[in-house]
Amino acid sequence: MAEKLALLIGPNYAADLPTYCGPLQGVDNDVQMMKDMLCENGFQEENVKVLEGLMASRASILASLEELTVKAQKGSVVVIYYSGHGYSFDAEKAGYFDEGLIPGDLTKEMVDDYHIFDTCITGEHFKPHLSKLINKGALVNVIFDCCFSGRLYRGYSEIQSSHIGVKQLALSDEYISEYRKALKARGDPVKQEGEHSSAEKPVPLSPLQETQPANPASAPTVLSHPVSEFWTPVLKSEGWSPQQNDNFIFMGACATNERAYECRDFETGKPQGVFTSALVSVIKEIPTGERRSYNMLKSLVRRKLADRKQDCQTPQFEGGNMNLMLFSFDKAHPPPVSFEVRRVDVNLDYTSRIVLNAGFLQGVVEGVYDIHDTRLTDDIVDEMQMAVFHVATVDVRPENIHATESSAEVEYSYVYECKIKVGYKARLAQLGSMLYPLCIIAEGVEEKYVGDVKLAMESQQMFSIRKDDTPDCVKLDVVTIEEQKCWRAIYNGRMIVPDQRTRDGHLMIKNLCKYFRVQFGIRPREPNHNMLRNVSLKLFKMENVPPYKGDLSKKAALKAQAIESGEIYEGKPEGYIPTFGAHRVEVVPHTFNRIKYQALDSTGDAVVFQITNNEAFPIHVCLISYQSDGSIVVLYPAAKRGVSGVLRPGESVSEIRRVYLEPETVRLMVEPNVELTRPDGCNDVIMLYATTAETDYEPLFQTQIELSPYLSTRGIDTPDGLRLDTVPRFREALESEPLNRDVLRGDVKWVTIKREIRVLYHPEQTFEPIVYPKKQN
């Protein structure tokens, strides 16, 4: 009978090693916790081999991998676990990039003599063992709790104050430079600066670090070779790549471009790896007699880290058979199509709380659900039939989704009763989450460029890969532009962002993130009884506005004149969108030999907005513009970088902004397809967020979508230095999460007011291309 086998690796590092690769406090605890968990889940202690301390040497690890491979047979469940330092080696400085595990026999002499990389275990070393195990018919679980672990077994291109350590080994330029000199002195071959083979030529470093917040507990440390921050471009070693049907599951502590942290365990107080602690805790919380799939394990681990406020690293889960049950070849049942209403709690304020008999363990996700009567069965998919059975619509929010139960609130008028009854069915109608399905059709594209796209998707945490191209998903296919293969993004039958070269997949995914963040941000928020009722946002129009910059009295006079003219929405039908004429812009020189666009005075309109608080108590307000170039910027209060400003009872505030469009604006989101006619304008959305608690909306901010710097359509080459914040922080800002965490969100009154305006290009605006050469490859 096939056995369950495990190899647990937890090296201890010598005390005299430099800080950046020295001892870790929680490795022993990680290994012990993992061993205990495995023994509680069907692994016999004699089949769990542990390599700790000096026993976790390079030779011992490789020998134990061979021993494990020989011992396994068809039907064996194999676990390979590692807790320790992960390392990465900079492509730009060394001529290639690689990453791996640091064994316990690393010495100070090896570091000083620049032999550190010679001791590491990379994907190239794992490849023969993983291939043999899969070919034997074993279920292979690889678990790495170390930095840069997101793709560590592969070999192709593809925060909290409780933290007490970082499991990283990212070496500085100084160390790499000295390492190159040592190789040369030893007579070893070494590439010259900038020399790469065609297969190893690095792509530009991708800006994926945007997704990982810094660890505030990591104070700067003076090291002999300071740690450098850099992100994965191309891998060197020939590692192993799993196939779709392989019984292979990988669990990594973080993405390839992230660090993994140690912390004090919540239950024991001992130092442990953040990922190991969460993983083991989730598995131990599974009730006796119940089972969880790897897909569910992924959700539970990420939820655990979020609950612990430890989502500074992004756990990675990969496998062709993620629907298998944990440590088993048994497959999980697919989630049900609909969920039954278990209970209806009618409240005195004409709201009802609808409780479903399922939670995230059964597949309930955040979103809009249609409620149907008992005549609906799961095999009915015809929309006409479903409409006949439709009773109501509810919105299930993430905070109301629990393990085996979910709930939603609905409002109804006092003249109507709640129509939802026990036994009715809830079926998902619209995803309310920021996770969008994406189908990659990459015919003829190099695998490393597809890997870059997948890595970017994992890091941004906004997309899920779908195998088939369905109407509700984004299609990423390939077209040839100016003799270059380029990614093209299609959604609902049209291009939504500009084309990018296939080697610039990170830029395509970043643009898609910006596009969908704008779309998600401008969706109306579901009203409830906690809404503010006496806050107003009025917009006024000032035509052919004269210059006023620096002249406060003139600015005040212009605002007063616009307000006197009357509010532009007054007396207009619902859905009315006013039109503004944009200023004419021209190209002018800028600093550092750059150029920029400048609006010409008195050639266009301005918008004046006025916010008034008619409540009997102070409120906090922030006015945000979701612009048609993909940028999200603050209009008021501009000086506070997104933190809301206070309006006292009866107080008003007004501001004026000139309206202008850059020539490329409509080619970013409105109509990126340059083969189609350029639109004459675009729509911007202005959102007022008002709450009774101070809120930080800076996580919403982003710069405009970027044109490819390698195509002739690129326009002005403006640097993008603004980071995208994490999805959880973005959503918290949209929900007006209070800055003071002692204030409960449910106690905060709020209102979101949306206004949309149309902006037309100036009749004399020119669209000639900028005269300077494209960037070279």
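**Chatting through a predicted model**

Me: Nice. Which way do S1 and S3 pair, parallel or antiparallel?
Reply: Parallel: S1 and strand S3 (residues 77–83) pair over 6 bridges. Within that pairing, Leu 8 stands opposite Tyr 81 of S3.

Me: And how many bridges join S1 to S2?
Reply: There are 5 bridges between S1 and strand S2 (residues 48–52), and these two run parallel. Ile 9 has Leu 51 in S2 as its bridge partner.

Me: Before I go on, what is the mean pLDDT of the protein?
Reply: The mean pLDDT is 80, with 79% of the residues reaching 70 or more. Over residues 90–97, though, the pLDDT is below 50, and beyond near neighbours in sequence that stretch has 37 contacts in the model. Residues 189–237 are also below 50, and this stretch has 142 contacts beyond near neighbours in sequence. Where pLDDT is low, the predicted coordinates should not be read in detail.

Me: Got it. Switching to the other end: what is the strand order in the open sheet of 3 strands?
Reply: The order is S26-S30-S34, and the pairing is antiparallel. Strand S26 (535–542) and strand S34 (652–658) are the edge strands, each pairing on one side only. From one strand to the next, the twist averages 15°.

Me: Which helix packs on that sheet?
Reply: Helix H12 (residues 552–564) does, touching S26, S30 and S34. The direction of H12 makes about 100° with that of S34.

Me: How many bridges do S26 and S30 pair over?
Reply: S26 and strand S30 (residues 606–613) pair over 8 bridges in the antiparallel sense.

Me: Cysteines next. How many disulfides does the structure hold?
Reply: The structure holds 0 disulfides. Take Cys 473: the nearest cysteine sulfur, that of Cys 439, is 5.2 Å away. A disulfide here needs the sulfur atoms within 2.5 Å.

Me: Is Cys 473 buried or exposed?
Reply: Cys 473 counts as buried, at 3% relative accessibility. Cys 39 is partly exposed, with a relative accessible area of 31%.

Me: What about aromatics, how many pairs are there?
Reply: The structure holds 13 aromatic pairs. Among them are Phe 43 and Phe 327, with ring centres 5.5 Å apart and planes at 85°, so this pair is edge-to-face. Both Phe 43 and Phe 327 are buried.

Me: What's the geometry between Phe 463 and Phe 516?
Reply: Phe 463 and Phe 516 form an edge-to-face pair, at 6.1 Å centre to centre with 70° between the planes. The pair links distant parts of the chain: Phe 463 is in strand S21 (residues 463–465) and Phe 516 is in helix H11 (residues 505–521), 53 residues apart.

Me: Why does Phe 463 count as buried?
Reply: Because its relative accessibility is 8%, and buried means under 20%. Phe 516 is buried as well, with a relative accessible area of 2%.

Me: Last one: which residues form one aromatic cluster with Phe 463 and Phe 516?
Reply: Tyr 436, Tyr 491 and Tyr 515 form one aromatic cluster with Phe 463 and Phe 516.

Definitions and conventions. Residues are numbered from 1 along each chain as its sequence is written. This is a predicted model: local features need pLDDT of at least 70, side-chain atom pairs count only at pLDDT 80 or more; totals for chains, interfaces and linings use all residues. Side-chain values use heavy atoms; hydrogens and water are left out. pLDDT is the predictor's confidence in each residue, from 0 to 100. Contact means heavy atoms within 4.5 Å. Two strands pair if DSSP finds at least two bridges between them. Helices (H or I, at least four residues) and strands (E, at least two) are DSSP runs, numbered from the N terminus. Axes are lines fitted to C-alpha atoms, for helices over the stretch in contact, and angles run from 0 to 180 degrees between N-to-C directions. Buried means under 20% relative accessible area, exposed over 50%, partly exposed in between (1.4 Å probe, protein chains only). Rings of Phe, Tyr and Trp (its six-membered ring) pair if their centres lie within 6.5 Å; planes under 30 degrees apart count as stacked, over 60 as edge-to-face and the rest as tilted.
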